[in-house]
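Keep the picture open and follow along.

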Amino acid sequence: MRNIRSVEVAQPSQDAILRAAEHLRAGRLVAFPTETVYGIGADATNGRAVAAIYEAKGRPTFNPLIATVGDLAAAEAIAELGPLARRLAAVFWPGPLTMVLRAKPESAISSLVTAGLDTVAVRMPSHPIALTLMRAVGLPVAAPSANRSGHVSATTAEHVASDLGEKVAMILDGGPATVGVESTILDVSDDRPVLLRPGALTLEDLTRVIGETPQRPSSANAAAPNSPGQLESHYAPGAKVRLGVTAPDAGEALLAFGVAPRHDGPCLNLSPSGDLAEAAANLFAALRDLDPGPGGRIAVMPIPERGLGAAINDRLRRAAAPR
Ligand code: TXA
Ligand code: MG
């Protein structure tokens with residue numbers, strides 16, 4: 001066990017996971033690793049605990065949270081799974097697919113989790129610490145990414161401690177997140193599946209199982225509160241971000257991918273060999289490390305749109321969006 005800024009950061013022994021579960025049942029917040037990014041969790045049936053998450057992150061309460069579960073029965077207790085949702089769950093759960101489903105009105109989930117919507121986003125992570133924790137708690141856990149609202153997501157326990165250290169009872173340290181970008185969010189609450197957020201599960205893999213490419217939300221919807229997380233500016237470092245750059249200016253920090261041009265300023269390479277999985281795993285840490293802060297500029301090299309590239313480019317576009 002070690003402490004970063006006075007919060008307990010525990011290696012995830014069985015004992016530590018049980019203590020974390022006890023914190024959650026008592027209404028306290030716990031940060032834990034998932035295969036995508038770190039999450040900050042609270043008992044989803046406890047309105048006060050859920051309110052503490054919004055407060056800790058500085059997150060607007062119209063932006064709903066994901067309910068994280070440890071098994072299919074727990075998902076079915078809070079949401080209606082139609083035939084497509086069942087098929088996707090059978091193939092991809094546990095794993096980095098979040099499904100937006102019709103909420104069961106009689107479930108014990110706090111309406112703060114869903115921000116009053118009649119749908120609920122449900123995720124079953126594959127990370128063994130997350131999964132063991134969910135099963136030990138035996139309650140749905142509201143768990144957004146463990147970063148300050150609008151900031152870059154956390155992929156290590158140190159990132160969590162620096163963003164939210166004073167706000168959580170405990171951080172389970174599972175080392176760096178393996179995938180590095182958040183789960184893919186698919187709305188299957190209606191007839192046609194809609195891709196709300198490209199993520200760790202690639203569109204290619206999803207399309208193979210669905211049998212067609214999921215729709216994207218219409219732009220009219222994109223700004224509306226029914227796809228609330230899709231706020232334009234997000235994942236933002238302090239610096240300004242410029243995309244698709246092959247010739248960086250002298251004053252810029254360079255976020256490279258593949259073979260980088262000569263550059264005298266600060267430079268980090270997401271993957272010198274051009275590997276998209278490696279680039280995704282390095283993305284958020286690189287944005288944090290490279291960030292020269294307000295007034296500075298980050299130039300990002302082009303990244304292909306295939307596979308995990310779609311999720312990487314989505315996060316980079318939001319990082320570059322006007323604030
Ligand atoms: O990989 C992940 O999904 C991570 C890890 C920690 O599990 N979690 C995560 O949570 O990324 P968060 O809160 O940062 O992003 C969840 C997104 C938000 O954009 C939110 O608006 C959207 O899910 N969301 C939640 N409930 C929704 C709903 N009922 N309808 C539409 N979007 C919803
Ligand atoms: Mg987030």
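Two packed helices are described by the angle between their axes and the distance between the axes. Keep in mind that this is a predicted model.

**Two helix pairs**

Let's start with helix 1 (residues 14–25) and helix 5 (residues 128–137), whose axes come within 9 Å and cross at roughly 50 degrees. Angles under 35 degrees count as roughly parallel and 65 to 115 as roughly perpendicular, so helix 1 is oblique to helix 5. Where do the two touch? On the helix 1 side, look for Gln-14, Ile-17, Leu-18, Ala-20, Ala-21, Leu-24 and Arg-25; on the helix 5 side, Ile-129, Thr-132, Leu-133, Ala-136 and Val-137 make the contact. Sorted by class, that contact has 9 nonpolar, 2 polar and 1 charged residues.

Now find helix 4 (residues 83–92) and helix 7 (residues 203–210), with axes that come within 10 Å and cross at roughly 125 degrees. Helix 4 is therefore oblique to helix 7. Here Leu-84, Arg-87, Leu-88, Val-91 and Phe-92 of helix 4 meet Asp-205, Leu-206, Val-209 and Ile-210 of helix 7. This contact divides into 7 nonpolar, no polar and 2 charged residues.

Here are the two pairs side by side:

| Helix pair | Axes come within | Crossing angle | Handedness |
|---|---|---|---|
| Helix 1 and helix 5 | 9 Å | roughly 50 degrees | right-handed |
| Helix 4 and helix 7 | 10 Å | roughly 125 degrees | right-handed |

**More on helix 5**

Which residues of helix 5 are buried? They are Ile-129, Ala-130, Leu-131, Leu-133, Met-134 and Val-137. The buried residues of this helix pack against helix 1, and also against strand 3 (30–32), strand 5 (66–68), strand 9 and strand 10 (170–172).

Next, hop over to helix 6 (residues 157–164), where you'll find Asp-163. Is Asp-163 buried or exposed? Its relative accessibility is 8%, so Asp-163 counts as buried. The side chain of Asp-163 reaches the backbone nitrogen of Arg-148 at 2.8 Å. Leaving out residues up to four places away in sequence, Asp-163 touches Ala-146, Asn-147, Arg-148, His-151, Val-152 and Arg-288.

And the partner? Arg-148 sits in the loop between strand 9 (141–142) and helix 6. With a relative accessible area of 40%, Arg-148 is partly exposed. Besides Asp-163, Arg-148 touches Lys-57 and Leu-164, again not counting residues up to four places away in sequence. Arg-148 also pairs up with Ala-56 in an interesting way: 92 residues separate them in sequence, while their C-alpha atoms are 7.5 Å apart in space.

**Two backbone details**

Finally, check the backbone at two spots. The peptide bond from Trp-93 to Pro-94 is cis, with omega near -10 degrees. Pro-94 belongs to the loop between helix 4 and strand 7 (97–103).

The other spot is Ala-115, in the loop between strand 7 and strand 8 (119–123). Ala-115 isn't a glycine, yet its phi is positive, about 55 degrees. This alanine, Ala-115, counts as partly exposed at 27% relative accessibility.

Terms used. Residues are numbered from 1 along each chain as its sequence is written. Chains are lettered from A and ligands numbered from 1 in the order in which they are written. This is a predicted model: local features need pLDDT of at least 70, side-chain atom pairs count only at pLDDT 80 or more; totals for chains, interfaces and linings use all residues. Side-chain values use heavy atoms; hydrogens and water are left out. Axes are lines fitted to C-alpha atoms, for helices over the stretch in contact, and angles run from 0 to 180 degrees between N-to-C directions. Helices (H or I, at least four residues) and strands (E, at least two) are DSSP runs, numbered from the N terminus. Angles under 35 degrees count as roughly parallel, over 145 as roughly antiparallel, 65 to 115 as roughly perpendicular and the rest as oblique. A crossing is left-handed if the near helix is turned anticlockwise from the far one by less than a right angle, and right-handed if clockwise. Contact means heavy atoms within 4.5 Å. Ala, Val, Leu, Ile, Met, Phe, Trp, Tyr, Cys and Pro count as nonpolar, Asp, Glu, Lys and Arg as charged, and the others, Gly among them, as polar. Buried means under 20% relative accessible area, exposed over 50%, partly exposed in between (1.4 Å probe, protein chains only). A polar contact is a pair of N or O atoms within 3.5 Å; within protein, one must be able to donate a hydrogen and the other to accept it, and residues adjacent in sequence count only if both atoms are side-chain atoms.
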